[in-house]
Amino acid sequence: MEVVAVDIGGTHARFAIAEVAEGRVVSMAEPVTQKVAEHPSLQLAWQAFGETLGRELPKAAAIAVASPVGGEVIKLTNNPWIIRPALIPERLGADTWTMVNDFAAIGHAVAQLGDQDFTHLCGPDISLPQRGSITVCGPGTGLGVAQVFRRKGGYDIIATEGGHVDFAPLDPIEDAFVKRLRKEYNRVSTERIVAGPAIVAIYETLAELERRPVSRLDDKKIWTLAFEGKDSLAVAALDRFCLSLGAVAGDLALTHGPTGVVIAGGLGLRLKDHLLQSGFGERFVAKGRFRNLMASIPVKLITHPQPGLYGAAAAFAQEHAL
């Protein structure tokens, strides 16, 4: 069965035709990316996608949104679209549909993709387990966290708000991060340290510790400088980010009791080479008496180019048992 997979974020909406069967994704066509600002609504973007393909769209929709999905009205953060799930059949012409949170969709992708769509980061270089819990976390605008529980005959996805637990500093430099952020926030959650915008606080704190005056830069500029290696302070901020991500991923692993961990998100993919060369792995296992347990957990980076779209289609296939 064909289904229109949609992954809606704050800036872009991605569309693709996927084929599903027996609860799994069989194939997915080349995606089409549209800027949210160019269309007043999901309905108009949906129609534009159909015009781009030059064909009638399938009457089935698999939609992942960067928002909680439980209400009658869904308003996305940093996105003017308002989605009323009850009107999907009328507005999109979809007789059957599924809507999931964007990170729940990532969880479905992790559950269904093969070894070729993951890169090994640390721990034993083995496949993700076919039974038990897999923690998924992804730094982006925030820190997404989900849990995949594989069981005999299938799997379950548990969407969480794990990115909002308190950050636990492990050395004086991370103490300085928290001290700086407490001037603005009453509590410092993990995504204040381990998410894309957090690089600003890390960069400025390191500058303060080094007594180096710096211009106020936004997160995109600092990330660019860091990846280009043109600014030693930005490179140091990147290194510290990878260390903190390793520690947070390890904390989540202890919380979920998993037998595997997956790093996801667009920023996660950009960090690929840096994670392999950084102290990410050492921080992941540095859990005192549980060091040996942590060292037994395979940690992967998902490298599929469109896990949100793939996961939306997988969620549809699971819900409708196709």
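This is a predicted model: local features need pLDDT of at least 70, side-chain atom pairs count only at pLDDT 80 or more; totals for chains, interfaces and linings use all residues.
1. Secondary structure. The protein chain contains 12 helices and 14 strands. Its radius of gyration is 20 Å, close to the 20 Å given by the globule rule for 322 residues, so the chain is as compact as a globular protein of that length.

2. Dimensions. Taken along the principal axes, the box filled by the C-alpha atoms of the protein chain is roughly 60 × 45 × 35 Å.

3. Burial and surface. Buried residues make up 51% of the 322 in the protein chain.

4. Contact range. Counting contacts in the protein chain between residues at least 6 apart in sequence, 67% join residues at least 24 apart.

5. Helix pair, geometry. Two packed helices are described by the angle between their axes and the distance between the axes. Helix α3 (residues 102-112) packs against helix α12 (residues 307-320) at an angle of about 80°, and their axes lie 7 Å apart. Angles of 65 to 115 degrees count as roughly perpendicular, and α3 and α12 are therefore roughly perpendicular to each other.

6. Helix pair, residues. On the α3 side the contact is made by A105, I106, H108, A109 and Q112. On the α12 side it is made by P307, G308, Y310, G311, A312, A314, A315 and Q318. By class, the contact of α3 with α12 has 8 nonpolar and 5 polar residues, and no charged ones.

Methods: Residues are numbered from 1 along each chain as its sequence is written. Side-chain values use heavy atoms; hydrogens and water are left out. Axes are lines fitted to C-alpha atoms, for helices over the stretch in contact, and angles run from 0 to 180 degrees between N-to-C directions. Helices (H or I, at least four residues) and strands (E, at least two) are DSSP runs, numbered from the N terminus. Angles under 35 degrees count as roughly parallel, over 145 as roughly antiparallel, 65 to 115 as roughly perpendicular and the rest as oblique. Contact means heavy atoms within 4.5 Å. Ala, Val, Leu, Ile, Met, Phe, Trp, Tyr, Cys and Pro count as nonpolar, Asp, Glu, Lys and Arg as charged, and the others, Gly among them, as polar. The radius of gyration is taken over C-alpha atoms; the globule rule is 2.2 Å times the number of residues to the power 0.38. Buried means under 20% relative accessible area, exposed over 50%, partly exposed in between (1.4 Å probe, protein chains only).
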